[in-house]
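Visitor: I am new to this structure and would like to learn how to read it. Could you walk me through it, one feature at a time?

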Amino acid sequence: MKRAGIVIAALILPASVLASVVIAESLEEMARGAPLVVRGVVGQVAPQFDEHGQGRISTYAEVKVLEVLKGPGLATVMVKSPGGEIGTRGQSVAGAPKFVT
């Protein structure tokens, strides 16, 4: 029985190393730490495989700026978010935004 416990622990341990921790922040805390805060409208949304060839998907969303709340005045902003769908393949990341056009 003790040997079975060691084998199970050895199989479970690598999975826990891949876990991530997300620290909950209020909207005010996130805005305080951000270099740019805007209010805008989502335009084009384009998922792409990452440039490092690891098979990860990132979604790029073009945002037309309606109002700059913090940072330089820009007409558009490109936002990169982890996850997305390309064909039949999809990746989801907890807490990542979903862009709707």
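Visitor: Let me start with a single residue. Leaving aside its neighbours within four places in sequence, which residues is S58 in contact with?

Guide: Before we look, please keep in mind that this is a predicted model. To read contacts, we set aside the sequence neighbours and see what remains. For S58, the partners are A46, P47, Q48, K80, S81 and G83. S58 itself lies in strand 2.

Visitor: Does S58 count as buried or exposed?

Guide: Here we go by relative accessible area, and buried means under 20%. S58 counts as buried because its relative accessibility is 10%.

Visitor: Which way do the side chains of a strand point?

Guide: As a general idea, side chains in a regular strand alternate between the two faces of the sheet.

Visitor: How many bridges join strand 1 and strand 2?

Guide: Strand 1 pairs with strand 2 (residues 57-70) over eleven bridges, in the antiparallel sense. You can follow some partners by eye: V41 has K64 as its bridge partner in strand 2, and V45 has A61 there.

Visitor: And what about strand 2 and strand 3; how many bridges do they have?

Guide: That antiparallel pair has seven bridges. Look for Y60, which stands opposite K80 in strand 3. K80 is also one of the contacts of S58. Between strand 2 and strand 3 the hairpin has five residues, and G71 in this hairpin takes a positive phi near 100°.

Visitor: Let us turn to the pockets. What is the volume of the largest pocket, and which residues lie nearest its centre?

Guide: For a pocket, we ask about its space, then its lining. The largest pocket holds about 580 Å³ of space. Its lining has 20 residues, with L27, M30, L36, V37 and V38 nearest the centre. Helix 2 (27-33), strand 1 and strand 3 each supply at least two lining residues, and strand 1 gives the most, with five. By class, the lining has 15 nonpolar, three polar and two charged residues.

Visitor: How does the lining of the second largest pocket divide by class?

Guide: There the classes are seven nonpolar, seven polar and two charged residues. This pocket has a volume of about 220 Å³. It is lined by 16 residues, and T59, G83, G84, E85 and K98 lie nearest its centre. Two or more lining residues come from each of strand 1, strand 3, strand 4 (84-86) and strand 5 (89-91).

Visitor: One last residue, please. What does A31 touch, not counting residues up to four places away in sequence?

Guide: A31, which lies in helix 2, touches V37 and K70. A31 and K70 are 39 residues apart along the chain, and their C-alpha atoms are separated by 8.3 Å. With a relative accessible area of 28%, A31 is partly exposed.

Definitions and conventions. Residues numbered from 1 in each chain as written. Predicted model: local features only at pLDDT ≥ 70, side-chain atom pairs only at ≥ 80, totals over all residues. Heavy atoms only, no water. Pairing = 2+ DSSP bridges. Helix = DSSP H or I, 4+ residues; strand = E, 2+ residues; numbered from the N terminus. 1 Å grid on protein atoms, 1.4 Å probe; cavity = no way out; pocket = protein on both sides within 12 Å on 5 of 7 lines; lining within 4 Å. Points joined across faces, edges and corners; volume = space filled by probe spheres on them. Nonpolar A, V, L, I, M, F, W, Y, C, P; charged D, E, K, R; others polar. Buried < 20%, exposed > 50% of the residue type's maximum accessible area, 1.4 Å probe, protein only. Contact = heavy atoms within 4.5 Å.
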